[in-house]
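Here is a short briefing for a first look. Please keep the sequence and the 3D view open while reading.

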Amino acid sequence: MASVTLRNVQKRYGALNVLSAVDLAIADGEFIVLVGPSGCGKSTLLRMIAGLEDISAGEIRIGERLVNDVAPKDRDIAMVFQSYALYPHMDVAANMGFSLALRKAARQTIAERVAGAAGRLGLEALLARLPRQLSGGQRQRVAMGRAIVRDPQVFLFDEPLSNLDAKLRVHMRAEIKALHQSLKTTAIYVTHDQIEAMTMADRIVVMHDGVVQQVGAPLDLYDRPANAFVAGFIGSPAMNFLPARVWRAGDEAAVVLADGGTLAIDAALPVRDGDLVTLGVRPEHPRIAASGALAGEVAVVEPLGLSTQLYATLAGQQVCSLAMGRVAAAPGEPIRLTAEPGDLHLFQRETGQRIG
């Protein structure tokens, strides 16, 4: 096992800047998830750590060793790709032990490591099968087993669950997390799925346009996003955003929406009367009120059994409200919503940076 340290890591293709000055310290045994939309640079960063892409500037260290110019095979890492990349003519055991065979490891060593990995992943009964005889989830477990037998210092995962159906993705998320807790090996995992990031990571690195937006524990990012991009990307359903203006008078403060509706905010926030802001509120925080609050109209009602997802038009914007239980509402009906000051997020209108 080893730590991974990135210092001022950059990637350029000619004049195109793909990654801008990435600084990141990953602790020994930590599970880090790089998350962001397509094209944000997360897979490029992972490939640079693996040695599959050259870096334009900066340093990458695995443990204390500088690996900028070290070949991928000598970095002591193992990578699990989106495609399983299994050899179709080899059975499961041969696929899992292939990297050790290339190193000319003893047959007994290969057999012991393959058996150990197969036991961890529930593949003992499948060792003699060919890849075409396996399901998608089984193939992905074989790909992970192939990485495990190498006993690397660092595991790298490049969107390994993207090809699986929704139910199997949930199952495999739990398997990968349990595997990491068992092996305690440093893991760096790339995904565009923020639910994978929230459920699996010790810390999340949110990226956008080649820039790291925020690094932190999943619930820290959820509760205190650094900017509107992180706030909108982390969480499902996504945070609601409404343009607003600040009103202050003495010890009282509120935000005023485009239609004149107001919500009280924390008076300790560093805002002035008349400031233009973006109001953010997560779907679980708005609640239906009998009077006062914000007036709107129900647009869509989605009963989910355990909860109800309701979309309402509010101040010209669509707002999602997620309520536990069942809500008696129908499209076209008037509705009033309110939220507690402590559940509201304010962002600077121009820069998107969090206020407070």
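This is a predicted model: local features need pLDDT of at least 70, side-chain atom pairs count only at pLDDT 80 or more; totals for chains, interfaces and linings use all residues.

Residues are numbered from 1 along each chain as its sequence is written, and side-chain values use heavy atoms, with hydrogens and water left out.

**Aromatic pairs**

- The structure holds six aromatic pairs. Rings of Phe, Tyr and Trp (its six-membered ring) pair if their centres lie within 6.5 Å; planes under 30 degrees apart count as stacked, over 60 as edge-to-face and the rest as tilted.
- One of the six joins phenylalanine 155 and phenylalanine 157. This pair is tilted, at 6.1 Å centre to centre and 35° between the planes.
- Phenylalanine 155 is buried at 8% relative accessibility, and phenylalanine 157 is buried at 5%. Buried means under 20% relative accessible area, exposed over 50%, and partly exposed in between (1.4 Å probe, protein chains only).
- Phenylalanine 241 and phenylalanine 347 pair edge-to-face, 6.0 Å centre to centre with 65° between the planes.
- Phenylalanine 241 lies in strand 11 (residues 240-249) and phenylalanine 347 in strand 20 (residues 344-348), so their pair ties together parts 106 residues apart in sequence. Helices (H or I, at least four residues) and strands (E, at least two) are DSSP runs, numbered from the N terminus.
- Phenylalanine 241 is partly exposed at 28%, whereas phenylalanine 347 is buried at 0%.
- Ring pairs also link Phe31, Phe155, Phe157 and Tyr189 into a cluster.

**Charges over rings**

- The charged end of lysine 177 sits over the ring of phenylalanine 31, 5.3 Å from its centre. The cut-offs are NZ of Lys or CZ of Arg within 6 Å of the ring centre and within 35 degrees of the ring normal.
- Arginine 282 places its charged end over the ring of tyrosine 222, 3.9 Å from the centre.

**Nonpolar cores**

- The largest nonpolar core has 43 residues. Such a core is a set of buried Ala, Val, Leu, Ile, Met, Phe, Trp, Tyr and Cys residues joined through side-chain atoms within 4.5 Å.
- Met96, Met144, Phe157, Ile176 and Tyr189 have the most contacts inside this core.
- A second, separate core has 29 residues, including Ala2, Val4, Ile62 and Val154.

**A loop residue**

- Threonine 185 is in the loop between helix 5 (166-183) and strand 8 (186-191).
- Threonine 185 is buried, at 7% relative accessibility.
- Not counting residues up to four places away in sequence, threonine 185 touches several residues, among them Met1, Glu30, Phe155 and His180. Contact means heavy atoms within 4.5 Å.
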